[in-house]
Amino acid sequence: MSYYRKKFANSVLQHRSRLRRFLTKTENNPPAALDAMADVADKEVWKEIDCLECSNCCRTMTPTYTFKDLQRISKYLGMTISQLKAKWLYKNREGEWMNVKTPCQFLDRKTNMCSIYAVRPADCAEFPHLNKRKLTDYIHVHKQNVNHCPATFKMVEKLMDLVNNDRLLVEQPEPYK
C-alpha cells in the first residue's frame, strides 16, 4: 500500500465517526448557505488532491454500469456486451451491473491510471460526486465515500470548518469606483 493511501486509511480510522456525525447533523438541519459552502469547499479540495496519487476508489469500490456505459466500453474493447458482462461483471440485487472484483480490472496499479479512461463508466467520471446535486440530497453518498475517497474526506473536513465557523469564503466583487 502506498504511503498516501496508508496515511489516508489512518485518517479515516481516526476521524470517520466525527465526519459522519457532522454529515448526519447537516443533513437533518442544513445551514442556509450550505450549497454555497460546498462550492467553496469543492474548489479548495481540488487544489490539494490528485486522484492519481491514490486510486483508492478503483481499488476498493465498484462503479455501476449503465447500458450506455456497457455499449461504449464493449465497443472500445472490441467485444460484445455479453462478453464484457461474462468476463468482468455481475448483476446485483437492485439489477445494476457491477465489477465482480476489486481492484477494478481496468486499473493499472503501477500508474493508478484507468486503461479505459476515455470511455469509463459515468459513475467513475462523476466520482466523487462532490457537486453532483443539492448537497442535502447526496449526503448519504458522502457518508459512504468518506471511507474511500480522500477528496470526499477533505471536502467534509472543509465543509465542517465552514459550517462550524459560520463563514463563507467566497470572493467578494470589487466595489464600484
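This is a predicted model: local features need pLDDT of at least 70, side-chain atom pairs count only at pLDDT 80 or more; totals for chains, interfaces and linings use all residues.

Visitor: Understood. How many helices and strands are there in the protein?
Guide: The protein has eight helices and five strands. Read from the N terminus, their order is α-α-α-β-α-α-β-β-β-β-α-α-α.

Visitor: And what does the C-alpha trace span along its principal axes?
Guide: The span is about 60 × 40 × 35 Å. The protein has 177 residues, of which 37% count as buried. Taking contacts between residues at least 6 apart in sequence, 71% join residues at least 24 apart.

Visitor: Which residues have the most contacts inside the largest nonpolar core?
Guide: Those are Phe22 and Leu159, in a core of 25 residues. Helix 1 (3-28), helix 2 (34-48) and helix 8 (150-164) are the elements that each give two or more residues to this core. Helix 8 gives the most, namely eight residues.

Visitor: What does Leu159 touch?
Guide: Apart from residues up to four places away in sequence, Leu159 touches Phe22, Leu34, Met37, Ala38, Ala41 and Leu135.

Visitor: Which residues does the second core include?
Guide: That separate core has twelve residues, including Leu84, Trp88, Phe106 and Val119. As general background, nonpolar side chains in soluble globular proteins tend to be buried together.

Visitor: Let us turn to helix packing. At what angle do the axes of helix 4 and helix 5 cross?
Guide: The axes of helix 4 (residues 67-77) and helix 5 (residues 81-88) cross at roughly 95° and come within 9 Å. Angles of 65 to 115 degrees count as roughly perpendicular, so helix 4 is roughly perpendicular to helix 5.

Visitor: Which residues make that contact?
Guide: Helix 4 contributes Phe67, Leu70, Gln71, Ile73, Ser74 and Leu77, while helix 5 contributes Ile81, Leu84, Lys85 and Trp88. By class, the contact has seven nonpolar, two polar and one charged residues.

Visitor: A change of topic: how many disulfides are there?
Guide: The count is zero. A disulfide needs two cysteine sulfur atoms within 2.5 Å. The cysteine sulfur closest to that of Cys124 is in Cys58, 6.1 Å away, and is therefore too far for a bond.

Visitor: Where is Thr102 found?
Guide: Thr102 lies in the loop between strand 3 (97-99) and strand 4 (107-108). Thr102 is partly exposed, at 40% relative accessibility. Aside from neighbours within four places in sequence, Thr102 is in contact with Arg59, Thr60, Met61 and Thr62. Between Thr102 and Cys149 there are 47 residues of sequence separation and 15 Å in space, C-alpha to C-alpha.

Definitions and conventions:
Residues are numbered from 1 along each chain as its sequence is written. Side-chain values use heavy atoms; hydrogens and water are left out. A nonpolar core is a set of buried Ala, Val, Leu, Ile, Met, Phe, Trp, Tyr and Cys residues joined through side-chain atoms within 4.5 Å. Buried means under 20% relative accessible area, exposed over 50%, partly exposed in between (1.4 Å probe, protein chains only). Helices (H or I, at least four residues) and strands (E, at least two) are DSSP runs, numbered from the N terminus. Contact means heavy atoms within 4.5 Å. Axes are lines fitted to C-alpha atoms, for helices over the stretch in contact, and angles run from 0 to 180 degrees between N-to-C directions. Angles under 35 degrees count as roughly parallel, over 145 as roughly antiparallel, 65 to 115 as roughly perpendicular and the rest as oblique. Ala, Val, Leu, Ile, Met, Phe, Trp, Tyr, Cys and Pro count as nonpolar, Asp, Glu, Lys and Arg as charged, and the others, Gly among them, as polar.
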